[in-house]
Amino acid sequence: MDRAEVTDSLRTGGRSGRRTPPAYLRSHADSKAASLASVHNDLPGFSMPNEEQANLAAETFRMLADATRVKLLWALLQGESSVTCLAELVGAGPTAVSQHLAKLRLARLVKTRREGTFVFYSAADVHVRRLLDEALYHADHADQDLPDHPDPAGEPPPHVALHA
Ligand SMILES: [Zn+2]
């Protein structure tokens, strides 16, 4: 597979009207490739993330792939906090917590507020909340073998707390 061709198709996907089928589709017979590629072209409003967007999203998942960071963010979603308090909450040392918070801040998942010599951390935005909510609620469903929500096509009902 030609890497450059795939990259190009991702980059233009959803943004321009004209799209070249990716290389893996073109490796099939031409007619087959054309019909496969046009499936998505016919979907109204279909779009693809560009390379940068996909890389940043993957980086976000990498940042979240750590149980301590999940706990830190979950706590921060409920109110701003300091390193000392967070260290106590997650049962880790202040140095380790500081390092996690610095990385989360670089990735723009948390923000800071200074008050004199104190620094208070909080979750960056509503999307961080949704990322954490969905990951934890989904984990809860898997853990407790809970059924899916009644209307799988619609928005899930808002959870106010993790499933009891
Ligand atoms: Zn649920």
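User: What average pLDDT does the protein have, and where is the pLDDT below 50?

Analyst: The model is predicted, so start with confidence, the predictor's own score for each residue. The protein averages a pLDDT of 80. A score of at least 70 is reached by 69% of the residues. Over residues 1-17 the pLDDT is below 50. That stretch still has 24 contacts in the model beyond near neighbours in sequence.

User: How is a pair of packed helices described?

Analyst: Two values describe the pair: the angle between the axes and the distance between them. Take helix α5 (residues 67-76) and helix α6 (residues 83-90). Their axes come within 10 Å and cross at roughly 125°.

User: Which residues of α5 and α6 meet?

Analyst: From α5 come Thr68, Lys71, Leu72 and Ala75. From α6 come Leu86, Leu89 and Val90. By class, this contact of α5 with α6 has five nonpolar residues, one polar and one charged.

User: At what angle do α6 and α7 pack, and how far apart are their axes?

Analyst: Helix α7 spans residues 94-106. The angle with α6 is about 105°, and the axes are 9 Å apart. That angle makes α6 roughly perpendicular to α7. On the α6 side, the contact is made by Val83, Thr84, Leu86, Ala87 and Val90. On the α7 side, Pro94, Val97, Ser98 and Leu101 take part. By class, the contact of α6 with α7 has seven nonpolar, two polar and no charged residues.

User: How do α5 and α8 pack?

Analyst: Helix α8 covers residues 126-144. It packs with α5 at an angle of about 120°, with the axes 10 Å apart. The two helices, α5 and α8, are therefore oblique to each other. Their crossing is left-handed. Val70, Leu73 and Trp74 in α5 meet Val128, Leu132 and Leu136 in α8. The contact of α5 with α8 divides into six nonpolar, no polar and no charged residues.

User: Now the strands. How many bridges join β1 to β2?

Analyst: First, the general idea: side chains in a regular strand alternate between the two faces of the sheet. Here, strand β1 (residues 110-115) and strand β2 (residues 118-123) are joined by six bridges. The two strands run antiparallel. Val110 stands opposite Ala123 in β2. Arg114 has Val119 as its bridge partner in β2.

User: What lies between β1 and β2?

Analyst: Two residues lie between them, and the strands form a hairpin. In the turn, Gly116 has a positive phi of about 65°.

Key: Residues are numbered from 1 along each chain as its sequence is written. Axes are lines fitted to C-alpha atoms, for helices over the stretch in contact, and angles run from 0 to 180 degrees between N-to-C directions. Helices (H or I, at least four residues) and strands (E, at least two) are DSSP runs, numbered from the N terminus. Two residues are in contact if their C-beta atoms, placed from the backbone, lie within 7 Å. Ala, Val, Leu, Ile, Met, Phe, Trp, Tyr, Cys and Pro count as nonpolar, Asp, Glu, Lys and Arg as charged, and the others, Gly among them, as polar. pLDDT is the predictor's confidence in each residue, from 0 to 100. Two strands pair if DSSP finds at least two bridges between them. Angles under 35 degrees count as roughly parallel, over 145 as roughly antiparallel, 65 to 115 as roughly perpendicular and the rest as oblique. A crossing is left-handed if the near helix is turned anticlockwise from the far one by less than a right angle, and right-handed if clockwise.
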